[in-house]
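Here is a short report on helix packing and a chain interface. Please look at the sequence and the structure first.

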Amino acid sequence: MSRAYRHNLNGSTLRAGALQLEIKDVTLRFGGVRALDGVAFNVAQGDIHAIIGPNGAGKTSLLNCISGLYRPQVGEIILHYGEGAVRNLVRTRPGAIARLGVARTFQNIELFRQMTVLENLMLGRHVHMKHRLAASFLYYGPSQKQEIRERELVEEVIDLLEIQSVRTKQVGALAYGFQKRVELGRALCMQPALLLLDEPMAGMNAEEKEDMARFILDVNDLAGVTTVLIEHDMGVIMDISDRVSVLDFGRCIADGSPAEVGSDQAVRDAYLGQEAHA
Amino acid sequence: MSRGLERRAATDPLPVDDATTLPKLLAELDRRFADTRIAVQEKRYGIWQPISWRDLHARVRDFAHGLASLGVRPGEVVAVLGDNRPEWLVAELAAQSLGACTVGIYPTSVGEEIVHVLTDGQVRVVVAEDQEQVDKIIDLKDRLPGIEKVIYYDTRGLELYEVPYLMEFTAVEATGREWGEAHQGWLDEQIAAGRGDDVAVICTTSGTTGRPKLAMLSHANLLEMGRSLNMVDPIGVESRYLSFLPLAWIGEQMIAVACGLQLGFTLSFAEEAGTQRADLRELGPNVMFSPPRIWEDMLSSIMVRVGEAGWLKRKAFAWGQAVGDRYAETRLKGEKAGLLLRLQHRVADWVALRPVRDQLGLTRIDRAYTGGAPLGPDVFRFFHSIGVNLKQIYGQTEICGIAVMHTDDDIKFATVGKPCPGTDIRIADNGEILLKSKAVFHGYYGNEAATAEAIDAEGWLHTGDAGYLDEHGHLVVIDRAKDVMEMPDGTRFSPAFIENKLKFSPYVDEAVVFWQDGSSDITAILTIDPATVGAWAEHRRLGYTTYTDLAGKAEVRELIAEEVARANEDLPESVRVRRFLLLHKQFDPDDDEITRTRKVRRRVINERYATIIEGLVEGAPEVQIKSVVTYQDGTTATRDITLQIVSMDGFTPKHPGARRSLFGSNA
């Protein structure tokens with residue numbers, strides 16, 4: 001009777017280090033504004049890949065392109081979702097992208113506030129569940145079995161994120177840090193191949209940030225889920241990420257290990273402002 | 001109060017003789033109940049996960065074989081470091097099967113405390129719960145050369161560790177299974193060779209006076225105590241019991257292990273610390289044993305929630321509680337309540353008291369016990385008024401936790417009851433309480449000098465507590481003998497009594513009083529309860545940032561002064577608190593200021609806050625202190641803090657009787 005988890009949260013079948021996501025020359029225009037301008041970089045399976053940049057650099061726009069909410073005018077976003085299986089995410093509907101194993105959280109929490117934590121997490125299993133109206137409504141037979149089976153995985157996520165004490169509470173009534181954790185949980189319940197986190201630690205105090213960083217590391221270490229995250233706290237980025245891409249005014253100005261990026265002059269200029277040239 | 005007890009016929013405890021040990025009882029329970037009854041259930045993944053007696057027995061045997069294969073010998077000490085989980089019990093019973101014993105370490109312990117227990121106990125094998133506990137041992141390993149194996153059972157985060165002396169619990173069980181097959185009958189011989197006199201567990205004393213000592217308790221000690229508790233209050237096999245206090249504490253060992261294995265009731269473990277209250281309510285236990293802190297916390301939470309409720313609910317509760325109080329008082333006097341009072345009580349119970357019990361998870365409770373430290377009579381009385389049969393237990397780790405207790409319907413709030421069957425009591429000439437029974441411990445591990453001080457040649461246990469027997473044969477415990485204060489007229493008084501009066505306020509978390517013998521100049525250091533005072537401040541739109549900031553607010557001082565004034569009303573003129581001060585921080589076991597069981601360490605307080613105490617005694621208007629703050633990254637900062645001393649001379653409460661409006665006229 002081991003206490004180890006029985007379910008694997010990683011939905012990807014690629015081996016660690018393999019190419020998983022290719023962002024090729026992506027340009028996104030809103031009228032005359034170029035939100036993204038020829039952005040290109042790769043994400044490897046099993047990495048924690050951080051995207052950083054000043055406000056308005058296009059970080060969230062890029063995440064929205066990957067998850068299908070925005071459609072870039074130029075470029076391709078190629079997802080490798082199995083041995084030899086590739087799909088261009090541009091022009092794929094968000095629902096189909098989710099079924100390919102891309103899960104995400106939002107900068108402003110997007111949970112169902114009137115529902116409990118458990119119900120929100122069960123929703124994360126939705127893509128894996130088959131429903132027949134009558135059977136689900138009456139809760140018998142295969143529907144009941146399915147619900148119980150899915151609940152087991154959800155409970156492991158609850159255990160992993162240490163949210164047992166709020167399991168049956170309404171999400172809207174929870175503290176902000178808990179809501180952020182629930183949102184991460186809902187994404188994990190999808191058993192994602194690729195996890196997109198949009199500022200998972202925004203607005204948190206130091207202790208909450210430490211907790212969240214630990215959860216992200218746990219998810220990555222234990223399950224090997226590839227994580228692409230946007231974050232502003234440079235300390236956190238340098239500590240937990242394997243690779244960093246820097247955006248500035250819609251362009252990718254640097255891409256490399258945290259140490260390389262940290263010593264890059266272009267990055268320093270973007271963050272600290274260029275010295276005035278007299 | 002004892003509704004349902006008749007229905008649930010108490011089963012007789014298993015027969016016990018000189019050769020009975022806990023592992024033998026486990027085997028007997030397996031024979032009796034096999035898969036038909038649940039031995040242990042743990043809430044995990046949102047549901048109660050049961051383990052039958054048969055399965056528990058099998059796991060204990062596997063783990064015992066595993067320990068044997070690791071070279072654990074009879075008489076050795078195996079340490080367990082973690083929260084209450086089935087594995088804790090398995091490890092304990094497995095060690096006992098081999099003739100070894102366990103010492104529990106409080107899961108919140110850090111550094112020096114862990115080193116002390118592991119070194120003094122000459123421990124070689126530690127069973128640690130999870131990454132957090134394993135990390136503690138790894139960090140301390142340089143100072144613990146004797147540790148050979150660390151066995152963990154929650155694998156999360158430990159998968160990638162490459163530490164040679166780590167081993168997973170299930171791996172030990174698996175090796176044990178193989179080892180057992182190669183050594184058929186060996187374990188049965190070991191168990192059969194066990195005697196009641198063998199040491200079963202080592203419990204650390206609370207150590208209010210110094211480093212915790214390791215008290216050795218035998219199987220016979222534990223079983224005798226369980227037997228006498230069951231003679232006073234039969235606990236049936238159907239009883240529900242939630243084990244949420246550390247198993248390192250004698251109180252938890254006493255009910256969960258000693259009574260559990262003698263009676264065969266199901267032991268339940270909470271999911272995690274944050275869900276204890278919810279799990280308690282879900283389970284609805286019949287029996288509960290908790291230190292005063294738990295009861296005080298429950299009372300605070302009721303007071304706060306009643307205070308925040310609408311006027312109708314407040315009125316209903318105030319009325320219901322007053323009726324409940326009258327009803328309880330009549331019954332405890334041994335009188336029969338009149339018809340009108342009975343009717344009133346029926347209604348009060350329905351509209352006000354039962355709902356409150358339900359919120360606390362106490363609807364099914366037949367008997368609740370408090371022990372480990374003195375509980376204020378007001379808290380006591382409150383629980384009786386809402387229909388909880390709360391009883392005091394007096395004992396020490398050295399006598400397995402129970403020596404003196406209240407019997408049903410012979411409860412007096414100021415006493416701790418009468419000696420249990422088989423316990424002799426004597427008051428020494430200097431007023432010290434002496435106890436003698438079969439439950440008196442075997443001595444401190446590796447400390448014969450201390451043992452000789454505790455047990456005299458005739459076998460009397462010297463408790464170090466001062467007390468007397470009242471005219472009804474009830475024991476009244478005054479306080480630790482060296483803490484008893486002498487009033488100007490020469491009578492003796494208990495500082496704990498004053499402290500409990502102060503702590504009865506929901507806003508006061510801890511109180512420590514200071515005095516000089518022969519003087520009535522009494523002062524106190526108080527800490528506030530951040531939850532209740534914080535809620536109070538929010539209601540008054542009083543902004544605050546940290547605990548230090550909140551405790552420094554003039555409004556909060558005013559609030560606490562009123563609470564102190566109210567406590568003073570109940571105290572004799574000569575022992576009223578003259579001055580007090582709100583400390584800038586809470587007492588913390590990590591700072592050694594209180595023990596892991598939350599008893600104040602006076603010696604530490606006296607040393608650390610010497611300047612504050614000096615200021616209080618002199619009657620200065622304020623004191624300056626330097627506070628050193630250690631941040632998480634290890635850097636420290638020193639801040640100067642000024643603490644105001646509040647004098648109660650001439651203080652008149654602005655809102656006299658404020659509590660009465662909350663609580664009804666139960667003064």
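## Terms and basis

Contact means heavy atoms within 4.5 Å. Helices (H or I, at least four residues) are DSSP runs, numbered from the N terminus.

This is a predicted model: local features need pLDDT of at least 70, side-chain atom pairs count only at pLDDT 80 or more, and totals for chains, interfaces and linings use all residues. Residues are numbered from 1 along each chain as its sequence is written, chains are lettered from A and ligands numbered from 1 in written order, and side-chain values use heavy atoms, without hydrogens and water.

## Helix pair in chain B

Helix α11 (residues 292–308) of chain B packs against helix α13 (residues 339–360) of chain B at about 125°, with the axes 11 Å apart. Axes are lines fitted to C-alpha atoms over the stretch in contact, and angles run from 0 to 180 degrees between N-to-C directions. α11(B) and α13(B) are therefore oblique to each other.

From α11(B), M298(B), S301(B), I302(B) and R305(B) meet V356(B), Q359(B) and L360(B) of α13(B). The contact residues are four nonpolar, two polar and one charged.

## Interface of chains A and B

In chain B, 24 residues are in contact with 21 residues of chain A. The two chains bury about 1,800 Å² between them, 45% of it on carbon and sulfur atoms. Buried area is the accessible area (1.4 Å probe) lost on being put together, summed over both parts.

Five salt bridges are found across the interface of chain B and chain A (side-chain nitrogen of Lys or Arg within 4 Å of a carboxyl oxygen of Asp or Glu). E87(B) forms a salt bridge with R3(A), with the closest N and O atoms 2.9 Å apart.

Definitions and conventions:
Helix = DSSP H or I, 4+ residues; strand = E, 2+ residues; numbered from the N terminus. Parallel < 35°, antiparallel > 145°, perpendicular 65-115°, else oblique. Nonpolar A, V, L, I, M, F, W, Y, C, P; charged D, E, K, R; others polar.
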